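Hi,

Here is the structure I promised to pass on. Have a look at it first, and my notes on what turned up follow below.

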Amino acid sequence: MNEIDAAFQRLREEGRTALIPFITIGDPDLATSVEIIQAMEQAGADMIELGVPYSDPLADGPVIQRASERALANARVTLADVIEVAAQSRQAGVKLPFILFSYYNPIFQYGLEPFFELIAAKGISGMIIPDLPIEEDAELRAMAEDTGIHLIPLVAPTSNDRVKRIAAKARGFVYCVSSLGVTGVRADFHQGIDEFLSTVRSATDTPIAVGFGISSREQVERFSKQADGVIVGSAIVRKIEEVVPLLQASETKQEGLAQIRAFVSGLKG
Amino acid sequence: MTQVPDENGRFGKFGGRYVPETLMNALIELEEAYKHYSKDPEFIAEIHSLLTKYSGRPTSLYYAKRLTEHLGGAQIYLKREDLNHTGAHKINNAIGQGVLAKRMGKTKIIAETGAGQHGVASATVAALLGLECKVFMGEEDTKRQELNVFRMNLLGAEVVPVTSGTRTLKDACNETLRYWVSNVDDTYYILGSATGPHPYPMMVRDFQRIIGDETRQQIVKEAGRLPDYIIAAVGGGSNAIGMFYPFIEDESVKLIGVEAAGRGVETEEHAATMTKGRHGVFQGSLSYVLQDEHGQVLPAHSISAGLDYPGIGPEHSYLKDTERAAYVPITDAEALEALQLLSRTEGIIPALESAHAIAQVMKLAPTLGSDQIVVVNLSGRGDKDVQAIMGYLEGGL
């Protein structure tokens, strides 16, 4: 059974909602990413999105874009490096399901077949490709189905009658974009958000998770009532940005990790 | 050749719609609106009227006698897109899309710009049609093209300097797409080149094909036959695809796209996407892209802010791989030399973009006989570039 499915099944039995943090791998460096992943697990994260840094992150706001720039400038992080971080985290004892978050071009350049061979062996359970709408995903989706790795699609408040078609193809969960716009912390969500979420809910039996702009315990609680999972990205990446100076010095590294751990714990009600 | 793009916006393997889901409905709506209005006689008549009475079309096809004599060889004709209102071919597309935006009930338009010509064209059309306008421009380019920033402001548009990434056209495009994702309800994105997700490459080509359509009639009237060569500069490729498209079925007409080689294709400072790029997905479509082995998009360099772009329109990639068109690189230095030659022989100061096409003519024309005909698309005039040119001529490249 895919680990994402197993996790949602367990959470459902316990009556809990998944907390799914996002981090940009290689921000500030690859070894620290492994430690941040461990800290996230200790803090109670249920799954984790591993972001592949990209030069042109169209769906992301300034916070995640800056994290990408740091990762590319400091460590020239590649798709293969991100997958290696997943493998190392497993070796370090991390049990969380891993979801790869990558724009399409790094995967396309790696080659679809070698890419699937690589991730199947490294403990990746799912992937989110923000610039690969269902119209363009046939080849990759077929390979994902064959290898049992979930291709998790996004639906947006503007998806309208596309919601049904997208939800029908969803594996793992449906990623519901909470607001129009790029990733980033925000106070207001799309005005039709509640109706949108119930539309997605009624379109599928697959779990649904909400993301884009969620940054506080109150917001996590708000969406926990309507969704099976809540994704927090920019708020965590911004926290990491704040503690980068601590993470980069050996004597203060543990303090930096402790702050990240505390922030993630604080998101859970 | 089969009709491209197909219903999924594919030119062979190229094109498509690689965008965040939030934009998909907007693109589908746009495609439907375009399909509907492009068959509407009133819509066509309104655009035609603006192109003739407002922009001054048809632009002339001019026999460049002194340049022909100087180079010795083929007869050289210039398609004078520089004579358009606002000084470049960009107005053709801006009028088309502006009228479409209005028909779709949008009140705000956004645009990206590199050299500023598309920004000025969009600001102009916004003023003309009574629409609000925001233009995204790389901070680097706002310095290189100060005069055009001033023009856009005069026309009532807001210029938003983009400080992310390379601070040039590539990042202006990213920022415009991002803004559109957030404001997709009331905002129309006038994309300026034959790039981006479907239906833009098709739509921009259709609005620019008037360049090739007029050229065809004009050259047949003037010379009694089709040309042997057609040459146009390519950054994103809108002037070139507009010029090439009506000739694609005419196998006797050789099509040459000229891209910016910057400081040389052997250096890392160039924008030679076709010469040095690989197939990749960038800014909404699959096309040739300048990128590293891991799929990170590389910064481009050109003396011309309009050619300084690491991607290219998907239809050009299709024409390259089917070998219907050839793409050649021209350096900054060659373009600058061509700019001076055209200025002195014909009294025409071309835009730096167009100077790249002229530089290719300087190489090609002398190798051909005087019975051969070469048509060059002079996509824009050089007024916007004179300050930059002055710097290059005094301070070197």
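**Overall build**

Chain A has a radius of gyration of 17 Å, which agrees with the value near 18 Å that a compact globule of 269 residues would have. (That radius is taken over C-alpha atoms, and the globule rule is 2.2 Å times the number of residues to the power 0.38.)

Before you go further: this is a predicted model, where local features need pLDDT of at least 70 and side-chain atom pairs count only at pLDDT 80 or more, while totals for chains, interfaces and linings use all residues. Residues are numbered from 1 along each chain as its sequence is written, chains are lettered from A and ligands numbered from 1 in the order in which they are written, and side-chain values use heavy atoms, with hydrogens and water left out.

Along the principal axes, the C-alpha atoms of chain A fill a box of roughly 55 × 40 × 35 Å. Chain A contains 12 helices and 9 strands; these are DSSP runs numbered from the N terminus, with helices being H or I of at least four residues and strands E of at least two. Chain B has 16 helices and 14 strands. Its radius of gyration is 19 Å, close to the 21 Å from the globule rule for 397 residues, so chain B is as compact as a globular protein of that length. The C-alpha trace of chain B spans about 55 × 45 × 40 Å along its principal axes.

**Where A meets B**

The contact (heavy atoms within 4.5 Å) takes 36 residues from chain A and 34 residues from chain B. About 2,900 Å² is buried between the two chains, and carbon and sulfur atoms give 50% of that. Buried area here is the accessible area (1.4 Å probe) that two parts lose on being put together, summed over both.

The rule finds 3 salt bridges across the interface of chain A and chain B, a salt bridge being a side-chain nitrogen of Lys or Arg within 4 Å of a carboxyl oxygen of Asp or Glu. Asp56(A) and Lys170(B) meet in a salt bridge through their side chains, at 2.8 Å, N to O. There are also 21 residue pairs in polar contact across the interface of chain A and chain B, both residues at pLDDT 80 or more. (A polar contact is a pair of N or O atoms within 3.5 Å; within protein, one must be able to donate a hydrogen and the other to accept it, and residues adjacent in sequence count only if both atoms are side-chain atoms.)

On the side of chain A that touches chain B, at least two residues each come from helix H3 (62-75), helix H5 (104-110), strand S6 (154-155) and helix H8 (162-169) of chain A. H5(A) gives the most, with 5 residues. By class, that side of chain A has 20 nonpolar, 9 polar and 7 charged residues. For the classes, Ala, Val, Leu, Ile, Met, Phe, Trp, Tyr, Cys and Pro count as nonpolar, Asp, Glu, Lys and Arg as charged, and the others, Gly among them, as polar.

**Inside chain B**

Chain B is divided into domain 1 (10-52 + 89-200) and domain 2 (56-87 + 209-394), with bounds from an automatic or database domain assignment. The C-alpha centres of the two domains of chain B lie 22 Å apart. In chain B, 41 residues of domain 1 are in contact with 45 residues of domain 2. Between them the two domains bury about 3,400 Å², 59% of it on carbon and sulfur atoms. Phe14(B), His89(B) and Arg144(B) supply 21% of the area that domain 1 buries against domain 2, more than any other three residues.

Arg144(B) turns up again in a salt bridge with Asp308(B), side chain to side chain (2.7 Å, N to O).

Two cis peptide bonds are worth a look. One joins Val4(B) and Pro5(B), with omega about -5°, and Pro5(B) is in the segment before S1 of chain B. Another joins His198(B) and Pro199(B), with omega about 10°. Arg167(B) has a positive phi of about 60° although it is not a glycine.

Cheers
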